[in-house]
Amino acid sequence: MSYQGKKNIPKITSDRLLIKGGRIVNDDQSFCADIYMEDGLIKQIGDNLIVPGGVKTIEADGKMVIPGGIDIHTHFQMPYRGTTTVDDFCQGTKAALAGGTTMIVDHVIPEPGSSLVEAFERWREWADEKSCCDYSLHVDITHWNDSVKQEVEILLKEKGVNSFQVYMAYKDLYQMSNSELYEIFTFLGELGGIVQVHAENGEIIAEEQARMLEIGITGPEGHVLSRPEELEAEAVFRAVTIASQTNCPLYVTRVMSKSAADIISQARKKGNVVFGEPITASLGTDGTHYWSKNWAKAASYVTSPPLSPDPTTPDYLNTMLASGDLNVTGSAHCTFSVAQKAIGKDDFTQIPEGVNGVEERMSLIWDKAVVSGKMDENLFVAVTSTNAAKILNLYPRKGRIAVGSDSDLVIWDPDLVKTVTAKTHNSAAEYNVFEGMELRGAPMLVICQGKIVLEDGKLQATSGLGRFIPCSSFPDFAYKRIKARKQLAVLRAVPRGMYDGPVSDFIPMSRGATPSASTRSSPTKAPIRNLHQSGFSLAGPEEAPIRPAGRRIVVPPGGRSNITSLS
Amino acid sequence: MSGASFQGTRSIPHLTSERLLIKGGRVVNDDQSFYADVYVEDGVIKQVGENLVVPGGVRVVEAEGRMVIPGGIDTNTCLNKAYLDSPPVDDFYQGTKAALAGGTTMIIDHVTPQPGTSLLQVFEQWQEVADRKCCCDYSLHVDIPQWDEGVKDELEVLVQEKGINSFQVYMAYKDLFQMTDTQLYEAFSFLSNLGAVVLVHAENGDLIAQEQKKILEMGITGPEGHPLSRPEELEAEAVFRAITIGNRVNCPVYITRVMSKSAADTLTQARRKGCVVFGEPLTASLATDGSHYWNRNWAKAAACVTSPPLSPDPTTPQHLHTLLACGDLQVVGSGHCAYSTAQKAIGKDNFTLIPEGTNGLEERMGFVWDRAAALGKMDENQFVAVTSTNAAKIFNLYPRKGRIAVGSDADIVIWDPDRIKTITAKLQQSALEYNIFEGMECRGVPVLVVSQGRVVYEDDKLNVQQGTGRFIPRKPFPDHAYQRINTRNKVIGRQAVSRGVYDGPVYDVPSTPKYITPAPSAKTSPTTQQPPPIRNLHQSNFSLSGAQVDDNVPRRSGHRIIAPPGGRSNITSLG
C-alpha cells in the first residue's frame, strides 16, 4: 500500500475498499448492506453496488460492521513532574486501534498560569507527529482570569476545540471555586462550548488525606479512603446545580461510583442537560484492589475519582449506560510505569493517577453489557461512538456508517473471546488493571481513514497519519435545548408603584452586598417603629409611574395579587 | 386567673402557690393518647392518672375531653437579631407573648454575633435581655459567624459551662458569615467531638452572590429578585453538601429552614442512606408559598422576604407536610424574625437590602394542625412529636420538655382541634403591622396554655409577665442524635494494609512539598531536554515469588488486615 507517511493529510486515493455481506449497525438501526469506500470516505452503501474494478473486497460473512469507536477521554504522552506517561500518542493510538477505537480525544493540561493556546499547540505537535488515528483535543482550564477567557474564545472559534475541562478537586492546584465555576459555565454557555467537570470535592479530600496520613495510612488504600464516593456525588450535584443556573450543558468526566451516576440520572430526570462518562475501569473493575497486599498492583489502580470499593458498581454503571442515563464512555487511559507510580510508595497522595483502558474499552462494554443482554448492539454503537461524535459536533462525519462519513469502521466479532493480559496488550505499561479477564467480543478488522489497520490479529498502524479533527461550537445534541431555554428564561421585573411608606434610618451598605445584620446595637436601644402607620397603602399615589414601560406582568405559578392597589 | 402572685423580680419567680389540676382531658404524647387528669405543683407535673388525690384549694381546669398536649417548642426564632442597628419589632417580650398565644411554651432563639465579636459576650448579652423580657422558658442556639482558633475555645466554654449544645453555621451570605467547605469540615469535626448539634443554613452563597449581581444588572430590584436570585436548587445543593460533610466526619446535621421540595427530598434521600440528619421546615414554608413575591404591592411582597426564600411552587407546603407526617422532616420552627414595613423598606430600591424574616411564631402549631392533622396526613401523636417532642429530644430537653409525664415541666396546652381562627394582623400578638398569613383560616387553636405551671392564656386572653421565662441549659451529646454517632465512631476503625516494603525501581522526581494533591506539577516543554521515563518493560514488579528477607516483618505491627467488601488480593506475594 502506498502511504506516504507525510505529516499532512496523506493522499489515500489508491485506497478503495468494498466490504461485502456485512450487517451495518448504526445507533438507530441495523441492516445488511455492502459498503464501498474511496479516499477515506464512505461512497456507497447498498446491495449490488457498482464499483470500479481492482477494488479490494473484504468478505464480512454476515458479521457486524460498526462505526469505529471514539474514545472521548485519553491522556497520552501526558507530562508529569518531568516525566511522561508511558504510552505516547503512537503507542496509545495503536492500542486504541487494536481495540476497535478509531478516534481518540486527548486532554490538553496547561500548567496553571501558562498559556492555554501554547499548551494546545504543543499537544498538537506531539499528536500530529505520532498519532496513528484521527484525534481531537479537550483543553483543561486550570486557572481562570481574563486572559484565559480570551484564549478560550480563540480556541473555540479558531482552533477547533469545543470542550473544556474544569476541576473541582486538586485543591490549591487546579481546583476552581464556585464563583469561578459559575463564571466559566456562563462564559462557555454563551460561546457554545461543552463544560467537562472533574467532579470531586477537593477541599474535603485535602482534609481527609491529611487525616489518613496522620493515622498512619500511607498505602494505596489511603487513596480510596480519602476520596469516598460521596465526595464525588456531592461535586456532581454541585456542578449540576451550577450548570442549571447558568443554562450550560454539563459533561461529567469519569463517573466512577453508583452515587455519582444516580445524581446524574436524577438531574436528567429533572430536565438538566447533563452527560455522564463512565470509564473503562469503572465499568470493568472495582476498588477492592486498593487493599491488595502487592503494593505495585494496588498502586496501579490509583486514579481519581477512585474505583469504588463496592463490587456491584461496574454492573450498575453498565445498566445506567444501557438505560441512557449515562451517555458516553471514555477510557481515561493514563498509564504510568510501576517505577513512576512508586514515587508515592511512602505517601499515597504522591502516586501518579491513571489507569489503562483504551484498548479494552469496546470489548469490555460488549462483554459486560451486550452479552449479558443489558443493551442491544445499536445502543452499544451509541455509547462507544455515536454519542461522543454528537457531543463533539462531529456527527455524522464520525460515529455513523453513512454515505459521506469518514471510513472509520470496524468489523466486530461478537463471539471472539480474548483474555486481557499485560503480556500481549499494546500499551507500554507493564500491568493491566483488567489482567486475566476474559472478554467476549472483539474487533476482527479495523479500518481507519479508509485503510485496513488491523486484520487477522495483526496491527499495521502508521505513526503520524492521524489528523486533528476540529470540533465546532454549539453541538446540536447539547445546545438545541439550551438555546430554546435561553429564549424562555427571560426574567422580568414586576412593575410596581414607588414605595412611599416610611423607611427606617439605616447606615448605607454597598450595593450588591448580601443583606444581613451588620452592626448590632445594644438591645436597650428603642426600636424605630410606628405601629399605627401601615405600609400597606390601599389607595396608592396616582402619580406614581410604572417604571419599566412596556414590560409584561409576569404571573407567577399560582400567582395572585389580591391585597393591592396597583399604584 | 386569680390574683397571680408573681413577684416580677428578675430572678426565677417562686410559684409555690400555683397548684393546678387539669381534669377530664385526653393526654396526648408523641407515643400514645389516654384519658387522665394532670396535677401540677411548683411548675412540675406531679401526678398523671385517674382519681388523683390532690390537696384542697387547688385550681381545677375542666378539659372536657379535649386534647391535653405538651406545650410547643419553637426551635427557630430571631427575637433579638438587629438589622443595620435596628432591632426587630418583636423582642423577647412581644415574641414570647405571641408564642404563648399560639400554644408554644418554649422558644430556642438564635444568638447572632457579628464576625469578629466574642461569641461568649454576645451570648451573655442575649441571655441578659432574654432573662429580662421572656415570658416563657427559652434556650439559645449560637450562630458561628466565622471559623478560627479563637472561636474553638469559646465554643468549648459554651458547651461545657453555658448549657449550649447547638450551633449554626452558614453556607450562604458570602463575605460575611459564609464558611468554606474546609471550614465546615473543621467546624463539623470539632462540634461533633463536643457533642453538639450542627445547625446549617443551607444555601450556596457563592452562586447567590453571582445571581444577585446578574439580576440587579437586569434591572430587577423588587422583592421578586429575591427568589429569582435564590432558586431552590441552590438550597438543595447546599443541603446535599452539608450532609456529605456531616457524614464524612460523623456529625449529626440539622438543616434549619427547609423551604423547598428539592431540599426536603435531598434530606429524605440522605436519611434513606442512613445519615444522621434532621430537617426543620418553617411555619412560612408550611403555610404559604413564594408567589407573593410577585405581588404588586411592594410592602406585601417584601414582607415575605426570608432566606432561603419561600418556594414559588404552590405545592410546596403540602409536600413538606407530607414529609413531616412520615417522619422525614422532624421539627417545625417559625424562623420568626419580625421587621416592620419601614424596616423592610430599607431595600425598596434593592432587594438584596431588604431585611430577611417573616412572622410565624403564633401561627406555627395552628397551621400544622390545620394542614396536616386536620386533613388526616398525620395523627395527633405525630403532631405532638413534630411541634414539641422531637425538638426536645434533638436538643436534649427530653423528657423535661416535650412530654406530659410525672416530673416533666408543667408546660401544657389544652388544644381545641375544631375551633377555627382567621389570621389577621389586627388580632395578633406580634407587634407587626402585617401578617404574611393574613386572611387565612386555621382550624385548631389552643384554648388554655399553662407555662411553668401557671395558666398564661385562657379565653383568648394572655396573662403574662416579662422576665418570668427561664434559660434552660442543655447538655451535649443528646441521645437522639448521638447514640448512633457514638456507635459508628466505635466501629469505623480504619487501618492500613500491612505490606512489605516496595523495593522496585522508583522514578526520581524533583522534590515537592508533602501533602499536596498529586498532579502534573512541573511540566516541561517537549523541546527542552528531559530525562526519558525510566522504565523497564521486561522487569515486572508483580513478583510472584519475590520473597525478601524481611517479608514477614510488617512495617507497623499489630495492624489487622482489612478485607474489603468482596475483597480479593489474588495476584500477589505478600511482600
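Predicted model: local features only at pLDDT ≥ 70, side-chain atom pairs only at ≥ 80, totals over all residues.
## Where the two chains meet

Let us start with a helix from each chain: E203(A), I204(A), E207(A), E208(A) and R211(A) in α5(A) meet D181(B), T182(B), Y185(B) and E186(B) in α4(B). A contact here means heavy atoms within 4.5 Å, and helices (H or I, at least four residues) and strands (E, at least two) are DSSP runs, numbered from the N terminus. The residues of this contact of α5(A) with α4(B) divide into 2 nonpolar, 1 polar and 6 charged. For these classes, Ala, Val, Leu, Ile, Met, Phe, Trp, Tyr, Cys and Pro count as nonpolar, Asp, Glu, Lys and Arg as charged, and the others, Gly among them, as polar.

Axes are lines fitted to C-alpha atoms, for helices over the stretch in contact, and angles run from 0 to 180 degrees between N-to-C directions. The crossing of α5(A) past α4(B) is right-handed. A crossing is left-handed if the near helix is turned anticlockwise from the far one by less than a right angle, and right-handed if clockwise.

Residues are numbered from 1 along each chain as its sequence is written, chains are lettered from A and ligands numbered from 1 in the order in which they are written, and side-chain values use heavy atoms, with hydrogens and water left out.

The model scores ipTM 0.79 and pTM 0.83. The pLDDT is the predictor's confidence in each residue, from 0 to 100. Chain A averages a pLDDT of 87, and 87% of its residues score at least 70. In chain A, pLDDT is below 50 over residues 1-13, a stretch with 17 contacts in the model beyond near neighbours in sequence. Residues 510-556 of chain A also stay under 50, and the model has 93 contacts for them beyond four places in sequence.

Chain B averages a pLDDT of 87, with 86% of the residues at 70 or above. Its pLDDT stays under 50 over residues 539-564, for which the model has 40 contacts beyond four places in sequence. Residues 566-575 of chain B stay under 50 too, with 29 contacts beyond four places in sequence.

## Helix pairs inside chain B

Helix α4(B) also has a partner in its own chain: its axis and that of helix α7 (residues 232-248) of chain B come within 9 Å and cross at roughly 45 degrees. The pair α4(B) and α7(B) is therefore oblique, and their crossing is right-handed. From α4(B), D181(B), L184(B), Y185(B) and F188(B) meet R241(B), A242(B), I245(B), G246(B) and R248(B) in α7(B). This contact of α4(B) with α7(B) has 5 nonpolar, 1 polar and 3 charged residues.

Further along, helix α13 (residues 364-373) and helix α14 (residues 380-394) of chain B pack at an angle of about 150 degrees, with axes 11 Å apart. α13(B) and α14(B) are therefore roughly antiparallel to each other. Their crossing is right-handed. R364(B), M365(B), V368(B) and W369(B) of α13(B) make the contact with E380(B), F383(B), V386(B) and T387(B) of α14(B). By class, the contact of α13(B) with α14(B) has 5 nonpolar, 1 polar and 2 charged residues.

## Salt bridges

Side chains of opposite charge can pair when their charged atoms come close. A search of the whole structure finds 61 salt bridges over all chains, each being a side-chain nitrogen of Lys or Arg within 4 Å of a carboxyl oxygen of Asp or Glu. One of them joins the side chains of K159(A) and E121(A), at 2.8 Å from N to O. This pair links distant parts of the chain, with K159(A) in helix α3 (residues 146-159) and E121(A) in helix α2 (residues 116-130) of chain A, 38 residues apart.

## Backbone details in the loops

The peptide bond from S304(A) to P305(A) is cis, with omega near -15 degrees, and P305(A) lies in the loop between α10 (295-300) and α11 (313-322) of chain A. In chain B, the peptide bond from S307(B) to P308(B) is cis, with omega near -10 degrees. P308(B) is in the loop between α10 (298-303) and α11 (316-325) of chain B.

F474(A) is not a glycine, yet has a positive phi of about 50 degrees. F474(A) is in the loop between β18 (458-459) and α15 (476-488) of chain A.

Note on methods
Parallel < 35°, antiparallel > 145°, perpendicular 65-115°, else oblique.
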